[in-house]
Amino acid sequence: MTKGHIPGSFRDPDAFLFDYRGVLYRQINNSYAQSYDLLMRSGLYDNLVRDGLLIGHREVDLSAGQIDKAYKVISPDKVPFVSYPYEWSFSQLKSAALATLTIQARALQFGMTLKDASAYNIQFVHGKPLLIDTASFAPYRPGDPWVAYRQFCGHFLAPLALMRYTDVRLTQLLRVHLDGIPLDLAAKLLPFRSRLNFPVLLHLFAHAWMQLRMSDRTADHRKPSGTMGKHSLEGLVDNLTTGVAGLKRGTGHSPWTRYYADIIYDARDLEVKKEIVAEFLDNTSGPTVWDLGANVGVFSRIATSRGLQTVAWDSDPECVDANYRQVVENKETNLLPLVVDLANPSPSIGWENTERMSLLERGPADVVLALALVHHLSIANNVPLKMVAHFLSRLCRRLIIEFIPKDDAGVKRLMTVRADIFPEYNREGFERAFRHCFEIVGVREVGSSGRVIYLMANREAP
Amino acid sequence: MRTFILVCCAALSAGMVNDAHAYIDPFVGSYLFQVIIAGLMALLFALSRFRQTIAGLFERVTRVLNGRPRIEDTAVPGVFPPAGETAPTTDRDESRKSQA
């Protein structure tokens, strides 16, 4: 009977997450008793859970926790897949920011406030951002400013402004700065025109300037004086909401967002490919699918239409954003688009390299779709086919994978200016490499395109 | 007035945001910053509320004149219904079952 602490929840002295017999629990410590009771009795919990803003939970037997410190042990609703802010697109981060501000505004109405505004406390569940940390609330004390203001600006406002005004890829700074992008760094990277946006000027530039100006005053060890009325605090949240809502994404175009419009093979072959993927998916079991190199999610939706919980990974933030906007527009509940570079996937980071899980630690999925992907890894990134097979075998139990021959227009484009140093890159070499880790269960040719799709079973994870 | 001065300083301080140092708790600056801008935030909030009230009044009048139904919540990312209104439901019982 082991009770494993979840590494990401050690910072909060009021509560922590632990795993007990494969089920996730959160222990509420005695130090948080008053706040927890206020959350539950004030009506805030019911209000937020009803509107899909806070994760629901049920109280369970105390014996599951550490009895000496435990006030309550709760079992939160299941989060299908844990993702991190550096894997979100602009619209996802914006949705998470607005959800956080909505929760803070509601909390103030119920006499509470958010003591944390970490982007890691938000997860996408059923296509919507959801606060998963029940112990994030504290009673509102009249006169107090928002204790999580700096955290909100670093976790949400700074990356959103950088993505809007500088480059959408700067979201990756969150991978280095786990407690949010330092405001002085964001101020240095933003162009001058971003100062014409008043909320950005105020909450980012002026805020950063003030932080640095106050830095020499910390020597006197006195708690800063001054108060902030509730009306002002509500105004702060309202102004941040206006600022975040006003940040529009960029052009939204990249070479990959038009992939299916500029498709380089016959449209009939695309339909054949969809039929093959559907047939192979029907011959697999298990509820989870990862679509690697998902683009805007055309094939991911074949999986979701079968009720499968699907994560659509792509390295292009604009594709992921377009995919997420479709999820929101169609109210899709079982598709989560995320950004990942498979040649450099999300690592284990944070304290002792365990706070945030790597891509591999969050698998394996029951099924991986790797369609029109292998040539990008093998030819564009020089990864030998055998190593591609080994990597994919660590990610899934069943694999639906497409092989694209060298005479395909897409592969030819990749090899326009590079020497052909890939003698093993052919159908025989592909099958030989993958047979080390997988058993080939099914093979289908995609019309007249020369492309081949395989259904494979992992030899080590039946 | 102090907020105005602060904002002007920030606007004109291009390239003047210096390196941060160790032993600095950024909370101190954030705390004082909120205290300084409190008045401005209250003023902007009051103006925002006033504008919303006027806009709501116009919307109601227009709706009555045109006989149109109320436009319900849309699927704009991150926009949530205000407290007290019904939101889309999620099947939490199902997720509990799967967890058990």
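How many helices and how many strands does chain B have? In this predicted model, for which local features need pLDDT of at least 70, side-chain atom pairs count only at pLDDT 80 or more and totals for chains, interfaces and linings use all residues, residues are numbered from 1 along each chain as its sequence is written. Chains are lettered from A and ligands numbered from 1 in the order in which they are written, and side-chain values use heavy atoms, with hydrogens and water left out.

Chain B has three helices and zero strands (helices, H or I of at least four residues, and strands, E of at least two, are DSSP runs numbered from the N terminus). From the N terminus on, its elements run α-α-α. Of the 100 residues of chain B, 30% count as buried (buried means under 20% relative accessible area, exposed over 50%, and partly exposed in between, with a 1.4 Å probe and protein chains only).

In chain A, strand 3 (residues 23–29) is mostly covered, with six of its seven residues buried. Strand 3 of chain A runs antiparallel to strand 2 (residues 15–20) of chain A, and six bridges join them; two strands pair if DSSP finds at least two bridges between them. Asp19(A) has Leu24(A) as its bridge partner in strand 3 of chain A. The hairpin of these strands has two residues between them, and Arg21(A) takes a positive phi near 50 degrees there. Strand 3 of chain A is also joined by four bridges to strand 5 (residues 70–76) of chain A, again antiparallel. In strand 5 of chain A, Lys72(A) is the bridge partner of Ile28(A).

An open sheet of seven strands in chain A has mixed pairing and the order 12-11-10-13-14-16-15. Its edge strands, each pairing on one side only, are strand 12 (335–339) and strand 15 (438–445) of chain A. From one strand to the next, the twist averages 20 degrees (axes are lines fitted to C-alpha atoms, for helices over the stretch in contact, and angles run from 0 to 180 degrees between N-to-C directions). Strand 13 (residues 365–370) and strand 14 (residues 396–403) of chain A run parallel and are joined by five bridges; in strand 14 of chain A, Ile400(A) is the bridge partner of Leu369(A). Helix 9 (residues 267–282) of chain A packs on the sheet, and its direction makes about 145 degrees with that of strand 15 of chain A. Helix 11 (residues 317–329) of chain A lies across strand 11 (309–314) and strand 12 of chain A, at about 160 degrees to strand 12 of chain A.

The largest nonpolar core has 125 residues, of which Phe137(A), Trp146(A), Leu392(A) and Phe434(A) touch the most other members (a nonpolar core is a set of buried Ala, Val, Leu, Ile, Met, Phe, Trp, Tyr and Cys residues joined through side-chain atoms within 4.5 Å). Helix 4 (residues 149–165) of chain A gives this core its largest share, eleven residues. Apart from this core lies another, of 18 residues, including Ile276(A) and Ile400(A). Leaving aside neighbours within four places in sequence, Phe434(A) is in contact with residues including Leu385(A), Leu392(A) and Met456(A) (contact means heavy atoms within 4.5 Å).
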